[in-house]
Amino acid sequence: MAVKPRVNVVTIGGGWTSAILGWKLGEAGHKVVAIELGPGRWANPGFQHNHDGLRFHARHAMMINLRNETWTWRPNPDSPSLPMRQYGTFNPGQGLGGAGIHWTAQLWRFYPQDFRLRSSIIERYGEEKLPEGNTIQDWPVSYDELEPYYTQFEWDIGASGDADANPLGPPRSRPYPNPPLQHNIVGDMFLEAATQLGYHPFPFSSGILSQSYTDPFGNVRSGCLYCGFCTRYGCEVDAKSSPQTTHIPAALNTGNYEVRTRSRVLGINVDDSGYATGVNYVDENGEEHEQPADVVVLSGFTLTNVRMLLLSRGGPHGDGIGNDRGRVGKNYTYQHFVSPWRGHFPGKNLNLYMGNGTTMMAMHDLVGANLDHSDLDFIGGAQVWSSSGERDPETTVGGFPIEGTGDGRKWGQTWKDALRDQWNSTADLIMEGDSMPYVDQFLDLDPVYRATDGQPLLRLTFDWHENDYAMYRYVAERVKGIMEQMGPDLIEAPTELDPYNVHQYQSTHPTGGAIMGSDPDNSVTNKYGQVWDTPNVFVTGAALFPQNAAANPTDTVAAITYMQGDAIRDQYFANERKLMA
Amino acid sequence: MAGVGGGVLLGCEFDPNDTEITIPDQTWAYAENVPPPPDSVDRSRLGFFKPDEAATVEAFTARLIPGSPDDPGAREAGVTTYIDTALTKVVGYWEPTYLEPPFAETYTGSPPPEADNSSIERIFVQKSEIDRYGFQSSLIPQEIYRMGLRSVDALARDRFGARFTDLSEDQQDEIVGAIADDDAPTFDDPSAKLFWKTIRQDTVYGMFADPAYGGNVDMVGWKLIGYPGAQRGYTPIDMQSGDAPRPPQSLAQLHAFNAGVDVNCDIVLPVSDSDPENQQIPASRK
């Protein structure tokens, strides 16, 4: 086994958080090496000819390869776990840039209240309002601390949006650098209907450029072509912001950042005193290497980071790094991300195959921070969105006909006629709701199932709780009202949430499992993602979230990483192996 | 288009004379998660199906999406060619699929005694819960079709005393309906549910995926629903127009991307020769 020259930082994963740290730390003269599971790839030529819905959407060409590793799931600790054998509930990516290549680019900040959820609920409604069995925690970082980092990230990537359009939104120190993308027809129908009902709809904020933009690094990028092949694809014109458009070039330009692709990390090495000493990895030729490093950063997907901590059992960390007090895997949360409300508008060409997942309207009236829960039987809430673009036939025609059509058969002449009449004339409404942590909702290593390399798979124990069902009922009734106001001739509007399942795609927003907190008894890391029991290991990304908010995680993940990068550069390297205050 | 995928596919050619179907080593796919469309599709011969199997698939899928030369359905779209090509080019699943044991076994009532000692041979799951876990079969698509088609014919014989292909369309609809409603006792492994899910999904792909995969001939599926296929882009004005969809265009017709050309103007990017209409900037958009 070859031992590579020692570096200052090794990151496990070559995605967005790695690139941000590579840029910030590389600029300060620290050598950073990223070990990336998947291949290298760039817009040109990699994404130039990829408009193939079967390969990229239906078959998940850019995702982690389930032939080798997957995740197991069970609804509760008393049930058996089984592996997710084919993609369903979420789509973690692999390859240079990680999920930052195939993301939808819905770009939201969390609300100030989200960062002090427990305190704000207790202050306003009393402790008894918290759901039974919950482990809701305040974040150790506030919105005000993160606000400058949100702003920096949004300007670095050229975010698109209208800062004045959402009167209920979190405060901002600067507007968006670019105007919103052009929304689709359904956006207008939703705008009118929701406004008539007294809500406050507004155009989406997006990580996709609505016009050409020269970013602060000097990269010149094109605006969006509305091509309709966006989520689960790489963008051929770099209009969709990604690590490749922005932070990887910045990191490489420092001369101190290197990515080794097609390489799989086996675990974090630890010395007898409990500090990390680097990682071992296997390259694409099957050769094992040791990469010694002063600092190890977990910069993979949420679930990858948690599994890597649990698999790294060296030295005194017999249950895994960060797990000396049994906190790894706790506060696993997800997100309500369902769109069962459909309406048919006969004769209209809605043309939802154009555009992307941000060419639409949102409303935040039902987000937890904007609701008075005094007379409600739940906490939290949800965003509501109008129809996304990028509708492809491969993944949508199977869902027709709309309930109540003809003889109800999902095959035969009924199906064919419905596809002809309904496919381009059907709009849907979507909700994105927050997810609370509970004691019976967690991640650990599966006792039975293994990856093809012999290491245990990560096991998810997760199901909806009563708060989720109640929140859904409340939001569903209002969404149905909006859909009715839009005036379809057929409407499909279930009022009850189904129990969680792993085969239906919901969102790639699993969060928690290595959360940040105020002390080692309630968390795995401090506010900088620095692991309490192994201070030269840092966790990045959504594994740090104590619970998930009703918003996509990327803006918050990036803001936290900017903060981490500054702190590691300015504080950590001045006083290595010490916990930062 | 060829590249790594082409080499990979060659190593996976399926031998139709081989009656033994085993789960293949798929570690090749670590680098190439999902193969690209095949370089070519041979419509003149079957690669996986035996002739009578192909006839059953064709008749069956033609009941899922009926058609005629004037109003094409699954038959006219070449759905059977799509499925046969898919089964020939890749042994196992095109999409990343975890096929490691143990597999699930369902029960009703109280759990069987073996369920308690964490058997590593089988994992016992309550029948009412199994659907929440998604796909849990040990079968690969070649097995699902080979064995499932036998169950289709067995059901046809049970109900009507003849093979599926020899039934009237009404009788065929009754068989298809029974399978769709999971009321088909001749199925065992694959279950009627799994067979139905597989053949319906493949009918979707054969009718509506890019023609490069062997189905959707002349893009008849896309014309049916009003999907323009692989386009380079649309303008903000297109986003708001509500106009009828453009004529469709396939991946092969998609104009090569001219990297470095200014694309940030208010026009549709160069599109294929097959679609001259879209090379013009409509007067309303100038």
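This is a predicted model: local features need pLDDT of at least 70, side-chain atom pairs count only at pLDDT 80 or more; totals for chains, interfaces and linings use all residues.
How many residues of chain A are in contact with how many residues of chain B?

Residues are numbered from 1 along each chain as its sequence is written, chains are lettered from A and ligands numbered from 1 in the order in which they are written, and side-chain values use heavy atoms, with hydrogens and water left out.

**Exercise 1. Describe the interface of chain A and chain B.**

Step 1: Contact means heavy atoms within 4.5 Å, and 86 residues of chain A are in contact with 89 residues of chain B.
Step 2: About 7,400 Å² is buried between chain A and chain B, with carbon and sulfur atoms giving 57% of this area; buried area is the accessible area (1.4 Å probe) that two parts lose on being put together, summed over both.
Step 3: Of the area that chain A buries against chain B, 13% is supplied by Arg59(A), Arg67(A) and Arg85(A), more than by any other three residues.

**Exercise 2. Work out how α7(A) and α12(A) pack.**

Step 1: Helices (H or I, at least four residues) and strands (E, at least two) are DSSP runs, numbered from the N terminus, and axes are lines fitted to C-alpha atoms, for helices over the stretch in contact, with angles from 0 to 180 degrees between N-to-C directions.
Step 2: Helix α7 (residues 185-196) of chain A packs against helix α12 (residues 466-486) of chain A at an angle of about 110 degrees, and their axes are 9 Å apart.
Step 3: Angles under 35 degrees count as roughly parallel, over 145 as roughly antiparallel, 65 to 115 as roughly perpendicular and the rest as oblique, and α7(A) and α12(A) are therefore roughly perpendicular to each other.
Step 4: On the side of α7(A), the contact is made by Val186(A), Met189(A), Phe190(A), Ala193(A), Ala194(A) and Gln196(A), and on the side of α12(A) by Ile482(A), Gln485(A) and Met486(A).

**Exercise 3. Locate Gly512(A) and decide whether this residue is buried or exposed.**

Step 1: Gly512(A) lies in the loop between β19 (490-492) and β20 (537-539) of chain A.
Step 2: Buried means under 20% relative accessible area, exposed over 50% and partly exposed in between (1.4 Å probe, protein chains only), so Gly512(A), with a relative accessible area of 0%, is buried.
Step 3: Leaving aside neighbours within four places in sequence, Gly512(A) is in contact with several residues, among them Thr302(A), Lys330(A), Tyr332(A) and Phe545(A).

**Exercise 4. Find the backbone features in the loops of chain B.**

Step 1: The peptide bond from Pro101(B) to Pro102(B) is cis, with omega near 0 degrees, and Pro102(B) is in the loop between α4 (79-89) and β1 (103-107) of chain B.
Step 2: Asp182(B), in the loop between α6 (169-180) and α7 of chain B, has a positive phi of about 55 degrees although it is not a glycine, and Asp182(B) counts as partly exposed at 41% relative accessibility.
Step 3: Met219(B) also has a positive phi of about 55 degrees although it is not a glycine; Met219(B) is in the loop between α7 and α8 (220-225) of chain B, and is buried, with a relative accessible area of 11%.
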